[in-house]
Every structure is written in structure tokens, then in C-alpha cells.
Amino acid sequence: MIKSYKVRRFVTNAFVYILLGGLGLIWISPLVYLVLHSFRDEGLAYVSYLIPQKLSFQNYIDLFTVTKESSMNFPRWFMNTFIVAIFSCIISTLAVMMVSYAFSRLRFKARKPLINIGMILGMFPGFMTMIAIYYLLKAMGLLEMPLVALIICYSAGAGLGYQISKGFFDTIPRALDEAATIDGATRNQIFWKIILPMSKPILVYTVLTSFIGPWTDFILAKIIVGKDIPNYTVAIGLQMLIDADHVLNNFKKFLAGSVVVAVPITTLFLIMQRYYVEGVTAGGVKG
Amino acid sequence: MKYIDYIQLNPFQKLGYNLKNFFVNLPKNAGKFFKAIGNFFKRFFVGIGKGFAGFFSRFIKGDWATKLSYIIMGFGNIVRGQVVKGLLFLATEVLFILYMIGFGWDKIYNLGFFNNGTIGFNEEGYGINPVTGRPGRIEGDDSMKLLLYGVMTLVIIAIFIVIYVANTKSAYKAQQTKAAGEKLPGFLDELKEFFDSKFHVTLLAFPTLTISIFTILPLLFMILIAFTNYDHSHIGKLFSWVGFETFGKVFTNTGAASMGKTFVELVKWTLIWAVLATVLNYILGMVVALMINKKGIKLKALWRTLFVVTVAVPQFVSLLLMSQMLDVNGGAINVLLHNVLHWTPGYIDFLGGDPWVARVTVIVVNIWVGIPYTILITSGILMNIPADLYESATIDGAGPVKSFFKITLPYMLFVTTPYLITSFVGNINNFNVIYLLTSNLQNSNDLYQAGYTDLLVTWLFKLTMNSQDYNFAAAIGILVFIVCATVSLITFNLTKSAKNEEEFS
Amino acid sequence: MKKLIALLLAVLMVASVLAACGGNNNANNNSGDNGGKTTENSDPFYGEDNISLLVWAPDNAVSLTKQLCEDFIAKYPNKKITIDVQAQGEADAAAQMLNDLDKAADVFGFVCNNINKLQQGNALAPVVADYLEDVKSRNTEFAVSTGTLTVDGKEQLLAYPETGENGYYLVYDKQYVTDDDAKSLEGILAACQKAGKKCLINIDNGFYGCMPLYTGGMVNNGLKEDGTQIFNDYDKEKVLDSLEAFAKLFHEYKDTFMSADPARIGSGMAENPSTVAAGIDGSWNAATVAKTLGDNYGAAKLPTIKINGTDTQIIGMNGAKLIGVNSRSKFPEAAQVLANYLTSEEVQTTRLEELNWLPSNKNAQQNDIVKNSPALSALLAQSEFSIPQINIAETFWTPVGTLGSKLFKEDDYSRATLEKEFDKALANILDE
């Protein structure tokens, strides 16, 4: 009896290992393909075989040294994105925390209507307003400062993403607030000194998502920055490298650039993964 | 059943209980849903009515200083010693009047009330400048700009009315406090309140401001655009109000590639897609998560990382790569299937060929994109399922498949309903997968500016960027909103009975 | 005082005469302004100074255009001029212009098929009278015709011709496809099949997909007032014959023929071993492909195709690149002067030398470089068998591309099916 149980467990485990291995291979192979071909030395844009014939660092070298001011400047795009990401990350995190704290811990007359308005606004497709945002920024004269405009765009609506962190705050016992109030703390102090320090997972989650946003947006940024290539972010810069005019000579640089963008984000994500999971499970899912 | 009884049930029984309630209460809930909508409007108008009633009664009961505040804002406060507050009210009034005279009125005037519904009066053009006698630009009106400023002015007027009413309240309150012989709070005292009892105002002020400017204002603007004729033939020209004509065209089904036909086709596919994408990602993701977390499986972190890495790579990179690999002319996957494994007779046109092949392909790729998220989210909860549930199931002779459907799935469904709703709405709006994989590959002569794999949102995008039919794009946006709102409202109302957000307060 | 009034009157008179010529009905005559600037004929800028202009040029021409603009600035030492050059592909320039004219370039290169779109969006300032005759006489008739539109019943030259040819040509690898093979599509496909290489024509893109239609005798006959296409002069049976011939050939050489982005021609030829042996490629890729193939570089006009037993020359689409002036330019005079300069004989010759762009200028076209370049001579040879890329409705491209894709994708390419697809495409083009 015991033996057959062991055998059965061994067989099922082996089966699971094989399945996981196969699936893992499928999941990771496009990324392996990306990394492998970013080192491809031969050929122009496309090749019709899987493994490159010759590997070299040439694509990466080109990526960082070919910086014609007019058309391609990857180091600058990287810096632009980094600056935009840092600022919009700080502003959006603050906004999200403030809104979700107010909606979760404070009680006031306009609370329910505001929560409902927030939910309603979230149900309109984001692309609907891109043209209007463009004209709004133009009327404000912000298109002359594309990076500032981008920071505003990425962080202005951030407060609407309150649901997950509100869910998280809801799980912190109210008794804490009450005790602090009895000790004479104002709500301002409760927010900064008690709630925020307890919210590390959700804080990290918010920081992470808002930091990654600017690296991946390739629609709004293109509309706002337009032709101003030195002020591109990496996403639209890389996108440009594979449009019809550029793809023949720049596809390999696109692959290399994608790796350069993906590596730091992936590393960051893997390090912070634990918080991400804690934040999202605590806030987004509850019984 | 009391709440205390309810929480003692096992998850399975909880689900049964909820399901029973769901069907028993379905008629009642549906009724409630419509009643709630009715109530909302009722309360809205009653609220406005009450506001007005208060507004007039304060005027009648107020003394001369309060009455004067109805004309000179802040007067009541200044007279009674709240100088800073009063001056702020006064400054608001002055600024508002200056704004309206210098800018605002003109924009309202241009909104089409006096020009047969055309926004603006003079068309922009190019011609002979009468002063220099040389050809050049002849300045005209820009409907887009005028409409934007017009909406902005309307918003500013609305905000001003709110402040104005607050001013009358404040003046009357000051009068009452004085009459009762109490001391009026100073400006600093009132400021301090913003860090305690009115802390929500402080917290929400900044986000509300930015959201109003960069989300609500553009949204109002685009909603209005849906009621104009601002399509590709009105670029660089003035456009006019047309009422519901745009919506009428969206539902009209005549001609080769009518909008009506396209709309119906895309709505069908959008719903199929959203259901399949949500359900498949959810179930398959959970299966993989269960396998990773299975007792006796080693290197859990490695397995998880293998899947989760794809979340961190920007989608425009991974999906563009995918479309490259799926290419019919020697993409990596075709090379693998045909040249290496010899499974297929020739190269398969995954994305550009038969619409259903392409549709299946995008769903499969979406599984690749979506499963890691499910793994991330469900891993922790799966661990929380009481082990004895499984053990008793095993003793009863249930295999892994059976126990998944009998235990895991009901438990998870119960716990993760909010996540499912968000991911369903997210999939209705899932732009990246569809657009980056099939951008124009499925375009058809049977559809207007769309292809067979397009969702409503990608159609909206194409209408905006490719054909500059802004009014149609806006109308589609409103329709998408209606679909999403209905779905979430119904599910939200149905699940609401099971949990109470306010229970802790 | 009298002098001032006299001056004012003179200005007004000139203005009214010119206004009458321009046929513009928008100009609201608010005279009584203080005279403005006096006009001196010696100053091509008509008094504009502190000029700042934005120029759009395609990526590979940006540095050259910058150089040219510096030369331009140097020509006018007593004016303060700054010019900024941004990269913008010519095919997409019109859409970018119309997205926002205020932020768009003052002077920009575009492909002539977009001229209707730009005109309908009031985006173009026509060539001013000062240069009109010169521009018309120094450029080829074809190039001028691509920049000319009938507006309000009057022919107007709306932009300056920049290049003579923006079409496509046949490129082949001489190792596998002989010059003789290259004469007919059948020959090319057979040669490619023998060598086990691909032959690439991007038939599911409207720009190339129009070939079967044009070869069957269709022509874009102009646009109606609301911008919809007019086709009034074709024999449907002949068009169907042509569609059938193409479809049959594509199916016969299913494994050899390939429809994809023309960039893959260059890519495939650069692979080791190469995968593509021939294709119909755009002139803008010519330099890269020529470098890749070296001595094996073959270029020719489009081949023939057998329709009902007779070899018929394939007819393609061609056009010119134009340089336009933004109607909302803050410096309309300077923009015109610059556009005129950027399309002058001297500049076109420089472009020919540096970028291999075929000039539209009659004299520059006689340059030896043109005769010695296989791609350029191929383009010139093809221009005889091409439909100019003008008067094409916005609704033309997608349906034609889709129709093209049916020719090789659908297994059923019977005449009846083709007719059905053709009718559908036609209805979409005509926006019915």
C-alpha cells in the first residue's frame, strides 16, 4: 500500500515536472529568441532561421554610439524615460495613497458619490480621450515641453487607480485609528505615521506599476511628443526603429534596445515580486 | 441566515448558498438594479431642489450683510471679522467676472448657439492678405479649440456656482454664530481643520483637480464630439452639432462596408473574446499555479520566475516579437512546425489568413500573456484552501480533475470575483494583444475601417488615427462604456449581498 | 500725410487686384490699418525677418537637408534665419500635417498621392506667382502634373516638385534570374522556383495591389467634389482577365511567390544563403539592396504577364515627391523662398549625387548619374507604363490591398469569386 502510493506520487510528480518544463520552455522561448537575435551579427532585418550564425556585441554598440541628433539617440531616450518614470512615479504614488486612504478610512458626505464617479470614469476606454488631451496640452502650451507633458499625463489620472490600495487599506483594523485618535493624533498624523508605514506591500506595488508605465506606453507618448525625436521615450523610439522607413537597417538595434529596456524592468520586478503579489492579493481580491 | 452562521460554512457551502440566493433573488435584484438607477436620478434632482430651497431661505432669513453677500461675495464674512476668508471669496468673484468678460463669454457665444449649430464663425483659410497684398494665412476659427474652451468655460462656471453657494452658506453661518454670541473661528483655525476633521478635502483636492482637468474635461469634450459631424471630411474646417446622427450611422446597415454591420460583428467578437480570454486565462493559470505549488515539486521559485518574467517585459516588445514569430513567411514558429518538426504541410498564415485561425491565435497568445498574472494572484490564495477538504475528497475517491472542479474552482470563484470582473472589463478593452498582433492584417472589405480580430477599442483607435473619424470614435467609446458599465453594475450588484464593505466601521 | 494716403491706396489697389486673381472669397477687407510694410521687389521675403522655419524631411535625408538649409541661410547674410529640420517619412507626412497644422512643419516633403487630402484639409499654400512660371518650366511635365489640382474650377500648382519618380521597380539577383527571365513575371517566378528562392511582391498593400487593376485597364479618373473616387473608363471583363491571370500565377508558384513588406527583399537577399531572388521594391530601398548584391544587382522596369495568351506589360503606380508649404506658416514668404530653393536644379543635383533621388528638374535629369544607375533608369523606363499617383481617394488603399490579398490567399480563385471580390472592393472604394 505504502509502496504503491510512493510510486504513484513519483509518477504524478514526474508528469508535473515534464508538463512544467514544456510549458516553461514555451513561455520563455520568445524571450530567449529576443536575446539571442539581439546579438545576431549577420543579415539585415529578418532571417529565416532560428539560431543566429554569428554573435557579436555590434548591435548594442550601435545602439549606444549611433546618436544622430535627428533620428536616433537611444541613450537620451533612456534618460528621458527614466526622468519621466521617476517623477510620474512619485506623483502618482502620492495621489493613489491619498485618494485610497480618504476613501477607505475617512467618512464624509461626498465619499460614496466620489467613489461611484471614480468607477464610472474608469469604464470609458482610455483611447477615447487621447485627441482631447492632445489639444488640451496644446492649449496650455505644454507641448513645447514634451517631458513635462508626459509626466502630467501619466500622473494626472493616477488617483483613479485607487481600488486596489483602497482594498488593502480596508483590511487594516479600524481599531488602530481609533486608538490613535484617543491619543490625540490628527488624521493627518494617522495617515503619515501609522497607515503608510504599515502599507509597504501596496506602496511597493503602486511604485512599481507607475514606474513601469512610461517604459511601456507607446500610444499616448507618440501623440504628445510627435516629431520631436530627441524627446522620445524608449517605447516610441524603439517603435520608430521598426516602422517602414527604418526597419531594414534598424531591426537588430530594435532587438538590442528591447533587451536593454527589458532587463532592468524584469530585474526590478523579480526583486519586488513578493510585494506585488501581497499588494494585489490583499487589495484586489477579498472574500 | 445570520452572518455568524454564514461565515461558519465551508467555502463550498458558501458558494451554494450564494448561488441559491442569486437565482432566488434574480427578479428582485433586477428590479433593484433599475430602481437604483431611478433612485439615483431622484436623489440627484431632489438634492438640487433642496440646495436651491436652502439657497433662497438663507437669503430671506439673512440680515443685510448676508443679503449683500449674494451680490458681493465674501461680504458677510468680512463684516463679521473673517477677513481672509471673505477676501478669498471676493477674489474668486472678481477673477470669475474678469475671466467671463475677457474670455469665457466669447467661447460660449461661439459654441454654435448663434450660428445654426456650427461651432465658430469664420473658416480658416489661405488667401490674399488685404494689408500686405501678399498671399498668406487668413486666421479663422478652430471648432476643436472653441469647443474645448467652451467646455472648459462651462466647467469653470459650474465650479464658480459651487463656490458661490458655499459663500452664501458661509455668510449665513457667520451670521448665526454671531447671533448665538459664539466666537467665529479664525482663518488659521479653519485651516487646521483641513488636517483633521476635513482631512479628506486636503487629501482629495489635488487628485480631484488633476483628474478634473485631464480626465473629466477631455471626456466631456469627447462625449460632446460624438454629437457633432467632426469626421475625416471636416479636418481643418468648421464642424457642427448633429444630435444623434452619428449614433444613427453607427447602427445603420447599408452599403458594402457599413458601420452597422461592422459594429454588430465587432460586438459579437468582443464579447466572445472577453469571455474566452478571461475564463481560459483564469482556469489554465490556476492549473499551472497548482502544479507549481504541488507538494513535492522542487524549485518552485524557478518555475514561477520562468512564467512571471513575461509580465515584466514590455508588451510592445514581446507582442511584436510574437507577431514576427507567427509570420507566414518563415516566422520562427512556422519554421519550427514545418521545417524542423514536419508537423504541418506548409507555412500557416496564423494572423493574416482565415479570420477564425487568427482569432484562435490571438486567444492563444493572450493565454501566453495572461497566465502569469493569474499565477501571481492566485498562488497565495490557493495555499489557503484547507488541506482537509482535498483529503476528504481523495478518500471519497475524487481524482485531481474532479477535486479541481469540485473544490478548487468554487473556492477560488468565491474569493476572486472582484478580480474576475476587473479582468473581464480589462479584456473588453485589451488593446495591446489585438493591435500589436494583427494591426491591419485582418482588414476586410466587409467591414468599415476594421478587421475581423478587432475589438471595439481597437476599432476606436483605428477610427481616430487611420481615418480621423473623431465623432464615430467618440460614439464607439460611449457604447463601450455602456457595455462595461452594464456588465459591472449587474455583477457588482449581485455579489454585493455576500459582502459588506462597511462591516468594519 | 498725402504720401501716406497715396501709399495706402496703392497697396489697397494691388491687394484688390491680387484678391480678384486669387479668387478668394474669405478675405474680409478691413482696411484702414496703418499701411503695414511696404513691398520691395528686391526682397524675396517681403520684409519678413527674424525668420524661423521648421522643415520635415525623411530620415535618410535629414543631414543633407540640414546642410542645404545652412547654404540657404548663408545666401541671405542680412536676414536672421533659423531653420530646424526634423525627420518625417514622406508617406506619412500628410497625416501628420493634418493632425495639427499649427505644430506641423512650414516646409515639408510628401508623396503626391496625398495632395488631395492636404488640399481638402486646407493645409497647402499654393506656389506663389513669383516662382510659378519658373517652377512649371524647369520641371518635367509629369512632375508638375502631380502637384497640380483643380480647385474651385481653376488649376493650381499646390506644391514644388522635388523628385521625378517615387515608384517601384523590379529588382533581381543576377545569380539566379537572368536579364531575359526578368522580362516576364512567368520567367522570374520560374527562375526563382528553380533556384529555390522567393519572389516578393507586396500585393496585399494597395500601393502594389493596384497593379492587377491597372494592368487590366483601370485608371483613377479623378475625384468628385466630396472626395470620392471616379472610375468611368474601364472594361470590367478585361480587369477580371487581369485579376485571373495574376491569381493563377500566384497559385501556380505558391511556394515561390510571397507577399510581404518590401523591406524583406533586402533582408532576404542579405541572408546567407539568400532567400529572396527577385521582387518589386520601392526606390527608397534601392541603395541598400544595390550594396548588398554588388555586381549581381539587377534592376528593370516591371515585367510582363501573360493575359489570355498575350504578354501584357504590368502597369504600376508612380508619382513624384513634392515639397509643400504649410498654409498656416508664420513666415509664408520665407517658406516659399525656401521651398523654391530646396527644389532648384542645383539642390536636386546634390540630392541625386548624395541620395540617388531622381530629379524632377529637366536639366538635372540629364545627369550621367541617372544614366549609369540601374535603379534610376529602371524607374524612368517604368514611368511610361505607370498611372500617376494623383486623384486617388483616401478610400482606395485598403480595399485594393484586401483585393490583392484575395488573389493569392483564397484557394478559390474562380472568375465568379474574383468578380464578387472585385465588386466588393469597388463598392468600398466608391464609399457606397
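Trainee: Into which domains is chain A divided?

Mentor: In this predicted model, chain A has domain 1, covering 2–38, and domain 2, covering 60–284.

Trainee: How far apart do the C-alpha centres of these two domains of chain A lie?

Mentor: The C-alpha centres of domain 1 and domain 2 of chain A are 35 Å apart. For contact, count residues on each side: four residues of domain 1 of chain A meet four residues of domain 2 of chain A. On the domain 1 side, the touching residues comprise two nonpolar and two polar ones, with no charged residues.

Trainee: Turning to chain B, why does the end-to-end distance of helix α6 agree with its number of residues?

Mentor: A helix is expected to span 1.5 Å times one less than its number of residues. Helix α6 of chain B, residues 83–109, has 27 residues and should therefore span 39 Å; its end C-alpha atoms lie 36 Å apart, which agrees.

Trainee: Where does α6(B) bend, and by about how many degrees?

Mentor: The bend in α6(B) is at B:Met100 and amounts to about 55 degrees.

Trainee: Which residues of α6(B) are buried?

Mentor: Buried here means that 20 or more other C-beta atoms lie within 10 Å of the residue's own. In α6(B) this applies to B:Lys85, B:Gly86, B:Phe89, B:Gly104 and B:Lys107.

Trainee: What is the mean pLDDT of chain B?

Mentor: The mean is 82, and 90% of the residues of chain B reach 70 or more. Over residues 497–505 of chain B, however, the pLDDT is below 50, and this stretch has five contacts in the model beyond near neighbours in sequence.

Note on methods: Residues are numbered from 1 along each chain as its sequence is written. Chains are lettered from A and ligands numbered from 1 in the order in which they are written. This is a predicted model: local features need pLDDT of at least 70, side-chain atom pairs count only at pLDDT 80 or more; totals for chains, interfaces and linings use all residues. Domain bounds come from an automatic or database domain assignment. Two residues are in contact if their C-beta atoms, placed from the backbone, lie within 7 Å. Ala, Val, Leu, Ile, Met, Phe, Trp, Tyr, Cys and Pro count as nonpolar, Asp, Glu, Lys and Arg as charged, and the others, Gly among them, as polar. Helices (H or I, at least four residues) and strands (E, at least two) are DSSP runs, numbered from the N terminus. The bend at a residue is the angle between axes fitted to the seven residues ending there and the seven starting there. A residue is buried if 20 or more other C-beta atoms lie within 10 Å of its own, exposed if 12 or fewer, and partly exposed in between; C-beta atoms are placed from the backbone. pLDDT is the predictor's confidence in each residue, from 0 to 100.
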